[in-house]
Amino acid sequence: MHSYGPHHGEEATLRGRNGSGTIFFSWCNLRCAYCQNWDISQKGVGREVEPEELAAMMLELQAMGCHNINFVTPSHVVAQIIAAVNVAASKGFELPLVYNTGGYDSLEALRLLDGIIDIYMPDMKYGDSGQAHQFSHVRDYVEVNRAAIREMHRQVGDLVTEENGIALRGLLVRHLVLPENVSGTEAILEFLAEKVSVDTCLNLMDQYWPCYRAEENPPLDRVITRSEFSQARARAVQMGLHRFA
């Protein structure tokens, strides 16, 4: 575990007024060349904690008024999360749980979380597995990612919010637009619209910034242009996607 606390930089539907109660886990099952948090994800900066301590963090964040507990990069610690939730629940924990993932998740792990996780917030990073292998060093990303997204949607459905807009349950997909369409945006949008739901809540992100080893991996050594993002947004609308976070 790296750190925890109220986070006011997440999507509005998660952060609300009091923040999303984020718990950042060390390490990651992806090795993205452009990772903004490379010291956490690649170097593993942090410390080991037992489920009881993790549960105590969850309860502390609940007491602080956070709207949810947001597990960041949790794919490799599913068993520990389940154990911690069990402890926290026995002590009065009742907030929605957010699974904030790079989207490279096994179906076996996700099925263990059925009935535990309330809000899935996966990345869909690539529409082409070759690009994923080149820039994030994993194989079969698209196949694994799409199967994971469909399983997440099966479990929780489209995003449901309170009257004030705070998320209660459902799927919220993040997609970061990368230079020269490295991210394969159109294929991802088509998949969401045709194979998941046109009511999918989507955060189409324009904030790509070259970090870590991006300078060694053109075209990731530059920010995206306004035109690149505008085209991605227009294509999403053309596909029928209409819920943007």
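User: Where is proline 219 found?

Analyst: Proline 219 sits in the loop between strand E8 (201-205) and helix H9 (226-238); helices (H or I, at least four residues) and strands (E, at least two) are DSSP runs, numbered from the N terminus. Before we go on: this is a predicted model, where local features need pLDDT of at least 70, side-chain atom pairs count only at pLDDT 80 or more, and totals for chains, interfaces and linings use all residues. Residues are numbered from 1 along each chain as its sequence is written, and side-chain values use heavy atoms, with hydrogens and water left out.

User: What joins proline 218 and proline 219?

Analyst: A cis peptide bond, with omega at about 5 degrees. Most peptide bonds are trans.

User: Why is glutamate 10 called buried?

Analyst: Buried means under 20% relative accessible area, exposed over 50%, and partly exposed in between (1.4 Å probe, protein chains only). Glutamate 10 comes out at 7%, so it counts as buried. It belongs to the loop between strand E1 (3-7) and helix H1 (12-15).

User: What makes the pairing of glutamate 10 with asparagine 70 a polar contact?

Analyst: The term needs a pair of N or O atoms within 3.5 Å; within protein, one must be able to donate a hydrogen and the other to accept it, and residues adjacent in sequence count only if both atoms are side-chain atoms. The side chains of glutamate 10 and asparagine 70 are joined at 2.8 Å.

User: Which is exposed and which partly exposed, aspartate 140 or glutamate 180?

Analyst: Glutamate 180 has a relative accessible area of 55%, so it is exposed. Aspartate 140 has 48%, so it is partly exposed. Phi is about 55 degrees in glutamate 180, positive although it is not a glycine, and near 55 degrees in aspartate 140, again a positive value in a residue other than glycine.

User: How do you know what span to expect for H8?

Analyst: The expected span of a helix is 1.5 Å times one less than its number of residues. H8 has 12 residues and reaches 16 Å from its first C-alpha to its last, close to the 16 Å expected. Its buried residues include Ile188, Leu189 and Leu192.

User: And what makes a set of residues a nonpolar core?

Analyst: They are buried Ala, Val, Leu, Ile, Met, Phe, Trp, Tyr and Cys residues joined through side-chain atoms within 4.5 Å. The largest here has 64 residues, and Tyr34 and Leu192 are among those with the most contacts inside it. Apart from it lies another core, of eight residues, including Leu14 and Val98.
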